Amino acid sequence: MLIRIRSKDGNFRYDFSPDDDISKLLEKILETSTDPDVSSITISNQPRGNEVKISALKGQTLKKLGLNHGDLVFVSYKPKSESNDATPAPSTSAATSSTGAAKESAKRPWELVQEDPVDTYWRSTSGKIPRQRDSRFCKHALNGMCDYCMPLEPYDAAYHKEHSIKHLSYHAYLQKITPKPSASAASQLPPLNPLSYKVKVPCPTATHPPWPAGICTACQPSSITLQSQPFRMVDHLEIASLEIIDRFLQAWRKTGLQRFGWLIGRYEPYDKVPMGVKAVVEAIYEPPQQGEIDGLTLGWPWEEETRIRQLASEASTPLSVVGYIFTDLDPTPEDRTKNVYKRHPQSFYLSSLEAIFAATVQKSNPTASKSSPTGQYASRLVTAVLTATEDGQVDVSAYQVSEQAVAMVEADMIEASVDPGIVRVKEEDRTNDSARYVPDVFFSYRNEYNLEVKKSAKPCFPVEYLLVNVTHGFPQNPSPIFQSTAFAIENRPGLENQSLETAMSALNRLEAPSLYPGSESYKKIELAKWLSDWHFVAFLQTTQLFSNDDIKVLMRTITSPTLLEDAKNIDPVLETEGWHTLMTFTRESAPARRSSSGPSASGADRMDDDDIPPEVYDQIAADDAARAAAAAAASGDSSAGGSSNIQICPHCTFENDHGGDCDVCGLPLA
């Protein structure tokens with residue numbers, strides 16, 4: 001059969017047998033190439049994209065790769081002068097064997113990727129949409145199947161339209177674009193290619209100086225047409241409990257200043273969308289920030305990101321950062337209990353500045369994927385906004401930005417504008433320090449005649465072209481892994497202060513020092529519930545009282561689904577060295593109960609009396625003093641009153657040397 005080869009050295013034709021090994025093709029490529037680096041030779045069935053190194057195809061025949069008579073193979077390679085490999089080129093057969101030996105144990109990058117458990121789950125299922133037997137059209141037996149009741153593909157357009165699902169899920173989109181399994185080389189390549197709008201440096205043709213000194217059609221990006229992204233990486237945002245949002249909003253309710261927080265949670269299958277993925281939020285971590293009435297200032301990059309991610313991963317069900325949330329609330333002047341409805345179809349949903357920030361964060365948090373040549377594709381980080389609804393109440397809105405937005409931000413092509421609903425396209429810059437190439441950018445819309453019109457996006461375009469909607473909600477039966485939100489939240493100076501004294505005082509009220517492993521007590525369940533607090537564990541890690549191993553035990557224990565079912569479930573925490581150290585400090589350094597003028601009592605008697613008001617002790621003291629005075633008068637004991645004329649006030653216990661009214665409180669002595 002005849003196989004055509006096209007490379008930068010020209011077009012060539014060679015005769016092969018379908019059973020020939022790939023090494024035969026490599027020999028012909030080496031014959032027609034100019035000083036190539038054998039390890040860099042790639043072949044593809046397209047002029048650009050789907051490249052695969054020929055060394056990774058060792059042992060496969062041309063027929064197995066799907067090559068047929070007349071097929072065109074695109075070849076690219078790097079010259080040895082650009083390669084770091086200084087080994088001289090061996091003979092053709094030796095080159096083939098040595099390259100194959102070097103790559104035999106090495107797998108392709110996307111095969112080494114460790115995907116999220118939710119991706120592993122969906123890859124193990126077909127994702128088909130089951131349908132019930134149609135009573136009108138199905139004429140077969142119960143165990144039969146026809147076109148009216150056979151399962152639908154997860155990307156079926158009619159099903160999505162019927163159920164008002166705007167975007168395909170990530171895995172449904174993968175199934176739609178992935179070729180059916182076959183022996184061809186194309187079916188063995190990942191179907192996703194990350195977008196890039198940067199100029200290729202150096203140019204693949206190597207015929208001119210690199211950008212910005214020169215540019216050609218081979219290295220410059222193509223023109224961009226903005227369009228709605230057909231899929232979304234996350235289909236639903238679920239907040240594990242209402243208390244998480246309520247505690248986050250408390251700072252705004254008390255100060256009127258906007259707040260920002262990172263969403264800590266995990267990804268799970270979502271059954272409302274075919275092959276859907278939902279982000280479940282279990283906690284919100286608030287980084288250092290400076291809130292303002294109409295915005296906030298956030299430290300970037302996030303300094304404690306590594307510590308928080310590591311701590312979250314130690315939970316019984318490993319957690320990670322699944323997004324971020326911020327408030328945009330402004331009370332109405334007429335009614336302070338309601339807020340201004342500012343984000344709606346006639347204004348904007350996410351401002352241009354917020355969309356660019358979302359693209360920046362998504363770019364730095366890619367999703368591991370076996371369907372991309374780089375092993376990474378897109379991001380699952382969700383942007384959530386707490387803003388006002390049309391009736392003035394507070395609600396959550398969730399979004400992501402498209403891959404086009406991420407690629408444009410990466411190429412430094414867009415910037416925010418004064419109008420929050422408009423994105424501005426930057427001007428081209430050819431200076432060496434800040435070179436920027438901006439290709440033609442277009443967007444399409446329907447005009448007043450319902451005709452689709454394409455318009456240039458320069459100098460600006462609506463921000464809605466960069467957004468992807470994500471639904472949100474709360475579970476009907478909440479079961480958060482953190483059972484408490486009572487501990488003070490971090491980085492709220494003057495509003496909520498985290499301190500070891502506060503923690504020890506709370507532990508002292510829970511009688512934590514008297515609880516030991518193996519004992520059965522309802523107080524251990526109360527203690528376990530109080531300890532199951534994300535903010536407390538995150539704070540405790542900064543005190544250096546617990547070692548890394550103890551923190552891991554604490555995190556795994558308090559996030560166990562069965563934590564509150566048995567008092568002994570908290571025992572692994574009570575056995576750690578860090579806990580013993582904390583209890584020692586609690587016994588010796590915990591704040592003592594406030595002083596009063598009441599009678600002294602032993603520590604055991606006062607353990608449960610912290611909430612008794614001081615005036616109750618004063619009344620008891622006054623009654624005791626009155627009884628003592630009466631007893632002294634009856635027995636004639638002068639030592640009890642100092643003299644026969646001294647009368648003790650039964651109200652304030654002051655010793656008066658006369659009758660009538662007390663000199664201090666003015667109340668009657670009788």
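**Close-up views of a predicted model**

**View A. Strand 14 and its two neighbours.** Strand 10 (residues 260-270) pairs with strand 14 in the antiparallel sense over six bridges; strands are DSSP runs of E with at least two residues, numbered from the N terminus, and two of them pair if DSSP finds at least two bridges between them. Within this view, Ile 264 lies opposite Val 321 of strand 14. Strand 14 (residues 320-328) and strand 15 (residues 382-388) run parallel, joined by six bridges, and Phe 326 is set opposite Val 385 of strand 15. The model is predicted, with local features requiring pLDDT of at least 70 and side-chain atom pairs counting only at pLDDT 80 or more. Residues are numbered from 1 along each chain as its sequence is written, and side-chain values use heavy atoms, leaving out hydrogens and water.

**View B. Packing of helix 8 against helix 9.** Helix 8 (residues 352-363) packs on helix 9 (residues 403-410) at an angle of about 90°, their axes 9 Å apart. Helices are DSSP runs of H or I with at least four residues; axes are lines fitted to C-alpha atoms over the stretch in contact, with angles from 0 to 180 degrees between N-to-C directions. Ile 356, Ala 359, Thr 360, Gln 362 and Lys 363 of helix 8 meet Ala 405, Val 406, Val 409 and Glu 410 of helix 9 (contact: heavy atoms within 4.5 Å).

View C. Strand 7 runs parallel to strand 19 (residues 441-446), joined by three bridges, and Leu 226 has Phe 443 as its bridge partner in strand 19.
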